Each structure stands twice: as structure tokens, then as C-alpha cells.
Amino acid sequence: MITSQFPIRGLSDLASSESVRSFFYLATPYAKYAGGKREAYELACKYTHDLIVAGVPVFSPIAHSHSIAKTCNMNKNSHDLWMPQDLAILRGASGLLIAPVAGWRNSKGIAMEVAEANEHNIPIWLLDVHW
């Protein structure tokens, strides 16, 4: 479980941020999301959409990888398969954005992403998006 508190950043703050050297990495729950993987994927796409429309460069491992796993019949549940790729991409990010959706504090994947960001001094923010 993730117990840390993170500062909150809104879309306009991120879009005008001078600290962006590359892109932001968007963390969202997936494997054990209460609504299922399809709903978790759609939620990740909605957050990614909002960031893109706001002019924020973003990478979402769920929006990116879910469709690849489905199309190519890959294991969607394997942290051993997906996390090495995701964490390598995270290391190039300007910051880690966490979507504050139900279950994020108990997500094994997000916990791994937070640990990696902390290890590499990558800033972490809780995303402030209101629908």
C-alpha cells in the first residue's frame, strides 16, 4: 500500500511547466482495478486524452500497452513482462503523474512506479482532473 502524500498538479500547471524536459508518465491502476481491465484501460485513455488536449506531453503504459496485449494475445497480468519496459520509460520522464482513481494506493504497479521514481529522483504528483 502506498501511504505517501504527493503534491497535486492541475492540467494548466502541467501545460505551462518549465520543468518538462521530455514527457510525463501517467500511472493508473490496472490489473486489479475494481471495474476490470477494460474499464481501467478506458479510464487511462481518458486521463491521457485530457493531458494531450491540455498540451501536456504524456506516456500512459496502460493506454499504450493494453491494446498491444489484446491485439497480440499477450499476458496482460504479467508484471515480469510489462514493468521492465514501463520502468525504463519512466526513467526518461520529467515526472510521474498519478491518477487519483479508486484503488491507486493499493496498486502493485503504481507502487513499483513510485519506488522507481523515488530511486531516480523523478518528481511525483497526484493529478488534479475534474470531470
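Helices (H or I, at least four residues) and strands (E, at least two) are DSSP runs, numbered from the N terminus. The model is predicted, and local features require pLDDT of at least 70, side-chain atom pairs count only at pLDDT 80 or more, and totals for chains, interfaces and linings use all residues. Residues are numbered from 1 along each chain as its sequence is written, and side-chain values use heavy atoms, with hydrogens and water left out.

An open sheet is formed by 5 strands in the order 1-5-4-2-3, with parallel pairing; two strands pair if DSSP finds at least two bridges between them. Strand 2 (residues 24-27) is joined to strand 3 by 2 bridges, and Phe-24 has Val-58 as its bridge partner in strand 3. Helix 2 (residues 37-53) packs on the sheet, touching strand 2, strand 3, strand 4 (95-98) and strand 5 (124-128); contact means heavy atoms within 4.5 Å.

The largest pocket holds about 480 Å³ of space. A pocket is an open set of points on a 1 Å grid over the protein atoms alone, where a 1.4 Å probe fits, with protein on both sides within 12 Å along at least five of seven lines; lining residues have an atom within 4 Å of a point. The volume is the space filled by probe spheres set on the points, which are joined across faces, edges and corners. Of its 27 lining residues, Tyr-30, Ala-31, His-79, Ser-107 and Gly-109 are the closest to the centre. Helix 3 (61-71), helix 4 and helix 5 each contribute at least two lining residues, and helix 3 supplies the largest share, 5 residues.

How values were computed. Axes are lines fitted to C-alpha atoms, for helices over the stretch in contact, and angles run from 0 to 180 degrees between N-to-C directions.
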